[in-house]
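Me: I have a structure open and want to go through a few spots in it. Can you help me read them?

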Amino acid sequence: MKRILITGALGQIGSELTLKLRDIYGADNVIATDLKKNDSEAALSGPFEVVDVTDGKTMVETARKYKVDTVMHLAALLSATAEAKPVFAWNLNMGGLLNALETAREMNAQFFTPSSIGAFGPSTPKDNTPQDTIMRPTTMYGVNKVAGELLADYYFEKFAVDTRGLRFPGLISYVALPGGGTTDYAVEIYYEAVKNGRYTSYIDKGTYMDMMYMPDALNAIVDLIEADGSKLKHRNSFNVSAMSFDPEEIAASIRKYIPGFKMNYNVDPTRQKIAESWPNSIDSSAAKEEWGFKFDYDLDKMTKDMLDKLSKKFQ
Ligand code: NAD
Ligand code: AKB
């Protein structure tokens, strides 16, 4: 059994991760925290506390109050927003992470935080990007993710905190909207397909990025935190991906279910530049070998489920 504190629990991942963890470990054992409460199921279905991750004192006090043994740190500024506010992003992404790691150290707790394909940069091998390779990102978000991976490894080596992480690709989901990333187009396209039958993409055709459907991402988190630590050669962080596509391929997948779907382009130079600095596709074999990473959804299976779920949501 675990007793888990989640930061940023009302975001795109946390809105669903909180509910999955409550199903597995019991509602009272999963403490959702975020900047403010809302009326989502994640906020209302179990304990909720307001915690600003830049306030380390409140985070530790909350962890002590609930006697947590696991810290899952999700609060962060994503790539596009971080590029618009780089200093704010550094303070939130690095300051929040340091406070969360210190909380885990204080509580002798297990620690999980997501990294990202954004940790790679233009000099990284672009295809089948290896687990261990050149990491010289050119975005503030990427700089934060690489530094964060190193910091989490440091806490494992120096303080024996059981830190674990995943380099997530773009995550696609229908519960909560994404919070300002470069891969958000691959979520928006499904909403617009269902609502209006058309989408104008800010990412150009021919731009490939890794992606994963949220149910697979949530399973990967649970599988990694439950994995036997003695078998892990890597910790922060594991490459994980389920698919790689460009805007034309996701549009073609949608047309299998909505034949009249129309796609236009109005490329946003900032997000396009970020996308071009990231890999086309990453190699998840270390995650498969060390803790059995697997996924269920390919592009068409995900498209069918997204369109079904969003059609019900908007009917
Ligand atoms: P999100 O933007 O949807 O949610 C972030 C949450 O953090 C929000 O609920 C926000 O209110 C909260 N937050 C912001 N500032 C805070 C603060 N000062 N204190 C407390 N909470 C604060 O993000 P997400 O998509 O759920 O991402 C979670 C983590 O996963 C991040 O580290 C992100 O980099 C990583 N990640 C996400 C994706 C993806 O596609 N969603 C891909 C790779 C990595
Ligand atoms: C983003 O686009 O910023 C995120 C990510 C891949 O880290 N979705």
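**A few residues in turn**

Reply: This is a predicted model. To begin, Asn-264 is part of strand β12, which covers residues 262-265.

Me: Is Asn-264 buried or exposed, and why?

Reply: Asn-264 counts as exposed because it has 8 C-beta neighbours inside 10 Å, and the cut-off for exposed is 12 or fewer.

Me: How many residues apart along the chain are Asn-264 and Met-211, and what separates their C-alpha atoms?

Reply: They are 53 residues apart along the chain, and their C-alpha atoms are separated by 21 Å.

Me: New topic. Which residues does the cis peptide bond join?

Reply: That bond joins Asn-236 and Ser-237, with omega at about 5°.

Me: And where is Ser-237 found?

Reply: Ser-237 sits in the loop between α8 (214-226) and β10 (238-239).

Me: Next, Lys-67. What is its phi?

Reply: Lys-67 has a positive phi of about 50°, although it is not a glycine. Its place is the loop between α3 (56-65) and β4 (70-73).

Me: Why is Lys-67 exposed?

Reply: Lys-67 is exposed because 9 other C-beta atoms lie within 10 Å.

Me: What about phi for Asn-128?

Reply: Asn-128 is not a glycine either, and its phi is positive, at about 50°. The loop that holds Asn-128 runs between β5 (110-116) and α6 (140-159).

Me: Why is Asn-128 put down as partly exposed?

Reply: Asn-128 has 14 other C-beta atoms within 10 Å, so it is partly exposed. That class lies between exposed, at 12 or fewer, and buried, at 20 or more.

Technical notes:
Residues are numbered from 1 along each chain as its sequence is written. Chains are lettered from A and ligands numbered from 1 in the order in which they are written. This is a predicted model: local features need pLDDT of at least 70, side-chain atom pairs count only at pLDDT 80 or more; totals for chains, interfaces and linings use all residues. Helices (H or I, at least four residues) and strands (E, at least two) are DSSP runs, numbered from the N terminus.
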